Amino acid sequence: MVEPQAELKDLFRPGTGVEPPYLAGRLEEQAFFNDRIEKLVEGQHIVSDMIVYGPRGNGKTAMLRYLQKRTDDRLETLWVTPSEFDDTGQLVELIAGNDLGLLKRLGKIIQHLLGNLSASASLGPAQVKTTLGQPGEMIALKDLLREKCERKPFIMIMDEAHTLNPDIGRVLLNVSQEIRGEDCPFFLVLAGTPNLRTELRRANATFWSRSAIFPLGRLSSEEAQEALTIPLERYRVTFDPEALEEVSSRAHRYPYFIQLWGDCIANRLVADGLREVTMDTVREVEREVMVKCHGMYQDRYDELQELNLHWLAAHVGQAFSETGRKHIPGKEFKELVGKALQDQGVSATHESVMDNIRQLSHIGYVWEVNVPGDMQGEYPLLCYEPGIPSLMQYVGRQVLDKTKD
């Protein structure tokens, strides 16, 4: 047999947050982003920010990297995460970058607004009000973004935005709305876990919900299979239909697991010098894949234990397995969580129920979906589905074993 090219070993890189060899699905997000690029370049008004959220492991960061690479030198793009700044002043410095002239001009603005603060653009957490009734850091950020946008259309991509300080988030969202209202070519992309929605509400920038919002869940069966086959086809590797169906099913259409299977399969092909993925290949890599999957399961279970949610997670998983349903309607799901809380002697207020659901969503244990109605014209029904079905099975077994002990 002819050995596949060595690049197969690095074709799939699960868990690294880099662009996958083929970004399956996410067509709506790609189309929206590309449309905004063209509008920015053509000088058209951008009416909204872009907000992407979904459980961890569903490829948010990888998708953002993909989108970032689709920009060109007609625009300026900045990638940031909240871990890089502690206050609005440090965010201003990140945006200004190494442009000493811009920092100097910005420093004069800040000195004028805030008096004793240095010309380094470090504003600190102080909420100093100006005669216009706006915080000083808000005016400084607006002036900076205006100047950036005069040079080139400017895109800011912020990953892990669910960790953004609400005070900074309020300033950033308000500034984005105001300068876009002035027709400045600025586009803000925020991405995070499902908790991002809660944090944006905490920021008290009520208009955030008018942004273009994209929930990012698991792939469809067809998309999951394309994520495996299309990259391998480039190396003239074929995938037996039965083996493809088996891998797609066992990966639960979960992007991280799909990349895990792809990586182990590609390495096996190189080791064996083969160009076809068969059921034998699947069986050969199965143990290696499961060991890596169980590592993720253990991390999530430990996190559930730290939050004292493992018993609730097991209760929820049992409800799905006993009913055999893929989705549980929102009202019923909230009642399910409320009863579980009461059974544990915990007060089941609306706030406590929703807080527990938000934590389960943040971990990726459950995922909120809209299920189409049975009748034509019927509104979709808000439901919850397992984030990763096999994770529910793992958690259930762990809790049961602890109970036996």
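**Figure 1. Cysteine sulfurs in the predicted model.** The sulfur of C264 is 8.4 Å from the closest cysteine sulfur, that of C293, which is too far for a bond. This view, like those that follow, shows a predicted model. C264 is buried, with a relative accessible area of 1%. A disulfide is a covalent bond between the sulfur atoms of two cysteines. With a cut-off of 2.5 Å between the sulfur atoms, the count comes to zero disulfides.

**Figure 2. The whole chain as a setting for the close-up views.** The protein contains 15 helices and 10 strands. Of its 405 residues, 51% are buried. Among contacts between residues at least 6 apart in sequence, 74% join residues at least 24 apart.

Figure 3. Helix α6 has 16 residues, numbered 166–181. At 1.5 Å a residue, these residues should span 22 Å, and the end C-alpha atoms are 22 Å apart, so the two values agree. The N-terminal end of α6 is capped by N165, in which a side-chain oxygen lies 2.7 Å from the backbone nitrogen of D167. The buried residues of the helix include P166, I168, G169, V171, L172 and L173. Further along α6, N174, V175, S176, I179 and R180 are among the buried residues. Just after the helix, D183 takes a positive phi of about 70°.

**Figure 4. Two further residues with positive phi.** Most residues other than glycine have a negative phi. R26, a residue other than glycine, has a positive phi near 55°. R26 lies in the segment before α1, the helix of residues 27–41. Is R26 buried or exposed? At 11% relative accessibility, R26 counts as buried. E160 is not a glycine either, and its phi is positive, at about 55°. This residue is placed in the loop between β3 (154–158) and α6. E160 counts as partly exposed, because its relative accessibility is 36%.

Figure 5. Which residues does F333 contact, leaving aside its neighbours within four places in sequence? F333 is in contact with V316, F320, I328, I357, V366 and Y384.

**Figure 6. The surroundings of E385.** E385 is placed in strand β10, which comprises residues 381–386. With a relative accessible area of 12%, E385 is buried. Leaving aside its neighbours within four places in sequence, E385 is in contact with R218, F320, K326 and H327, among others. Its contacts also include Y365, V366, W367 and V369.

Figure 7. A pair of aromatic rings is described by the distance of the centres and the angle of the planes. The count for this protein comes to 12 aromatic pairs. Another pair, formed by Y254 and Y256, is edge-to-face, with 6.4 Å from centre to centre and 80° between the planes. Y254 is buried, with a relative accessible area of 1%, whereas Y256 counts as partly exposed at 22% relative accessibility. Y254 and Y256 belong to one aromatic cluster together with F257, Y297, Y301 and Y394.

Conventions: Residues are numbered from 1 along each chain as its sequence is written. Side-chain values use heavy atoms; hydrogens and water are left out. Helices (H or I, at least four residues) and strands (E, at least two) are DSSP runs, numbered from the N terminus. The expected span of a helix is 1.5 Å times one less than its number of residues. Buried means under 20% relative accessible area, exposed over 50%, partly exposed in between (1.4 Å probe, protein chains only). A polar contact is a pair of N or O atoms within 3.5 Å; within protein, one must be able to donate a hydrogen and the other to accept it, and residues adjacent in sequence count only if both atoms are side-chain atoms. Contact means heavy atoms within 4.5 Å. Rings of Phe, Tyr and Trp (its six-membered ring) pair if their centres lie within 6.5 Å; planes under 30 degrees apart count as stacked, over 60 as edge-to-face and the rest as tilted.
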